[in-house]
Amino acid sequence: MESIDALAHALNEYEGALVVISHDARLIESLTEDRERSQIWEVDHGGLRLVSESFADYKAKLIADIDDDDADADADDDEEAEQGVRNPQRASSGGRGGTL
């Protein structure tokens with residue numbers, strides 16, 4: 001995307017301090033390539049943490065954590081199904097909860 005590339009280039013040329021908040025992985029990766037000039041901070045569950053690894057490593061860790069959480073949820077669902085328990089959040093009410 002040309003606009004992301006242009007923004008990243010302009011921000012990387014800027015000599016002052018910036019705080020950039022973005023969900024765009026391409027932009028974040030472009031802005032954090034120079035580890036001497038940039039830091040990544042994670043805001044999660046009301047806390048703030050300096051990320052010590054590269055953005056690529058951080059992103060891979062997040063994806064692995066999500067996959068682990070999904071696997072745990074699937075295992076819980078399988079266990080509940082074996083016990084004859086249905087999860088009301090996944091009932092036919094469109095995932096909005098409800099009673100069965």
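**Reading the patch and the core**

Tutor: Begin with the surface: Trp41, Val43, Leu48 and Leu50 make a nonpolar patch of about 440 Å². Two elements each give two or more residues to this patch, strand E1 (40-44) and strand E2 (47-51). This is a predicted model, in which local features need pLDDT of at least 70 and side-chain atom pairs count only at pLDDT 80 or more, while totals for chains, interfaces and linings use all residues. Residues are numbered from 1 along each chain as its sequence is written, and side-chain values use heavy atoms, with hydrogens and water left out.

Student: Is Trp41 buried, partly exposed or exposed?

Tutor: Buried means under 20% relative accessible area, exposed over 50%, and partly exposed in between (1.4 Å probe, protein chains only). Trp41 lies in strand E1 and has a relative accessible area of 45%, so it is partly exposed.

Student: What are the elements of the chain, in order from the N terminus?

Tutor: Helices (H or I, at least four residues) and strands (E, at least two) are DSSP runs, numbered from the N terminus. This chain has three helices and two strands, in the order α-α-β-β-α.

Student: Which residues form the largest nonpolar core?

Tutor: In soluble globular proteins, nonpolar side chains tend to be buried together. A nonpolar core is a set of buried Ala, Val, Leu, Ile, Met, Phe, Trp, Tyr and Cys residues joined through side-chain atoms within 4.5 Å. Here the largest one has five residues, namely Ile28, Ile40, Val51, Phe55 and Tyr58. Beyond its neighbours within four places in sequence, Ile28 is in contact (heavy atoms within 4.5 Å) with Ser22 and Phe55. Of the chain's 100 residues, 17% count as buried.

Student: Where is His45?

Tutor: His45 sits in the loop between E1 and E2. Its phi is positive, about 50°, although His45 is not a glycine. His45 counts as exposed because its relative accessibility is 78%.

Definitions and conventions. Patches are made of residues with over 30% relative accessible area and no salt bridge: like charges are joined within 9 Å, nonpolar side chains (Val, Leu, Ile, Met, Phe, Trp, Tyr) within 5 Å. Accessible areas come from the Shrake-Rupley method with a 1.4 Å probe; for residues, only the protein chains shown count as cover. A salt bridge is a side-chain nitrogen of Lys or Arg within 4 Å of a carboxyl oxygen of Asp or Glu.
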